[in-house]
Amino acid sequence: MAEYGEWNRKGATLSDVTAHKEYGVSRDFIVKGIRAGKLEYREGSIWGNPYLRILRSQLEQYIVEQLGPKHLMARKTHAELHRINKEIADLEKKLAALRARKAEIEAASGE
């Protein structure tokens, strides 16, 4: 059973599509967990496309039960590494833009 307010907490829920991206589990895996009573869910729809919202904590527990803790840790570290690399790339783009702007200002004030 979900804790009080867990459905409203930021980052506590995720869609079946996000679960596939972050943990590598299919929609069928999630539906199997729902039918087994291991996962609570809510149905949603965006622009007519249905999706399932599930609790992250329950999904992680179910993944450990079905696929093992090594699978969960491998997927979590892979997702974190991807986020870090993306943030580094964004910061490098911002830094390049700032250096270009700095060069423009220095060239304009030097004239």
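Is Trp47 buried or exposed? I looked this up first: Trp47 is exposed, at a relative accessible area of 83%. My cut-offs, for a 1.4 Å probe and protein chains only, are under 20% relative accessible area for buried, over 50% for exposed, and partly exposed in between.

Before going on, a note on the model. It is a predicted one, so I take local features only at pLDDT of at least 70 and side-chain atom pairs only at pLDDT 80 or more, while totals for chains, interfaces and linings use all residues. Residues are numbered from 1 along each chain as its sequence is written, and side-chain values use heavy atoms, with hydrogens and water left out.

I placed Trp47 in the loop between strand 2 and strand 3 (49-55). For elements I use DSSP runs numbered from the N terminus, with helices as H or I of at least four residues and strands as E of at least two.

Then I went to Gly44, which sits in strand 2 (residues 41-46). Gly44 is buried, with a relative accessible area of 19%. I set aside its neighbours within four places in sequence and found Gly44 in contact with Asn49, Pro50 and Tyr51; contact here means heavy atoms within 4.5 Å. I also checked Gly44 against Arg27, 17 residues apart along the chain, and got 14 Å between their C-alpha atoms.

**Entry: the aromatic pair**

How many aromatic pairs are there? I count rings of Phe, Tyr and Trp (its six-membered ring) as paired if their centres lie within 6.5 Å; planes under 30 degrees apart are stacked, over 60 edge-to-face, and the rest tilted. By that rule I get one aromatic pair. Phe29 and Tyr62 make up this pair, tilted, at 4.9 Å centre to centre with 45° between the planes. Phe29 belongs to helix 2 (residues 27-35) and Tyr62 to helix 3 (residues 56-67), so the pair ties together parts that are 33 residues apart in sequence. I found both Phe29 and Tyr62 buried.

**Entry: helix 2 against helix 3**

I looked at the packing around that pair next. The axes of helix 2 and helix 3 are 11 Å apart, at an angle of about 100°. My classes are roughly parallel under 35 degrees, roughly antiparallel over 145, roughly perpendicular from 65 to 115, and oblique for the rest. Helix 2 makes the contact with Phe29, Ile30, Lys32 and Gly33, and helix 3 with Leu59, Tyr62, Ile63, Gln66 and Leu67.

**Entry: helix 1 against helix 3**

Here the axes come within 12 Å and cross at roughly 50°. Helix 1 and helix 3 are therefore oblique to each other. I noted the contact residues: Ala19, Glu22 and Tyr23 from helix 1, with Arg56, Leu59, Glu60 and Ile63 from helix 3.

**Entry: salt bridges**

Side chains of opposite charge can pair when their charged atoms come close. My criterion for a salt bridge is a side-chain nitrogen of Lys or Arg within 4 Å of a carboxyl oxygen of Asp or Glu. I count five in the structure, and I looked at these in detail.

- Asp16 and Arg27 meet through their side chains at 2.3 Å, N to O. Asp16 is in helix 1 (residues 16-23) and Arg27 in helix 2, so the pair ties together parts eleven residues apart in sequence. Asp16 is buried at 7% relative accessible area, whereas Arg27 is partly exposed at 39%.
- Glu22 and Arg56 meet at 2.7 Å, N to O. With Glu22 in helix 1 and Arg56 in helix 3, the pair ties together parts 34 residues apart in sequence.
- Lys76 bridges to Glu60, with 3.6 Å between the closest N and O atoms. Lys76 is in helix 4 (residues 69-110) and Glu60 in helix 3, so I have a link between distant parts of the chain, 16 residues apart. Lys76 is partly exposed at 35%, and Glu60 is buried at 17%.

**Entry: helix 4**

Last, I checked Asn85, which lies in helix 4. Asn85 is partly exposed, at 45% relative accessibility. From Asn85 to Glu106, 21 residues apart along the chain, I get 31 Å between C-alpha atoms.

Terms used: Axes are lines fitted to C-alpha atoms, for helices over the stretch in contact, and angles run from 0 to 180 degrees between N-to-C directions.
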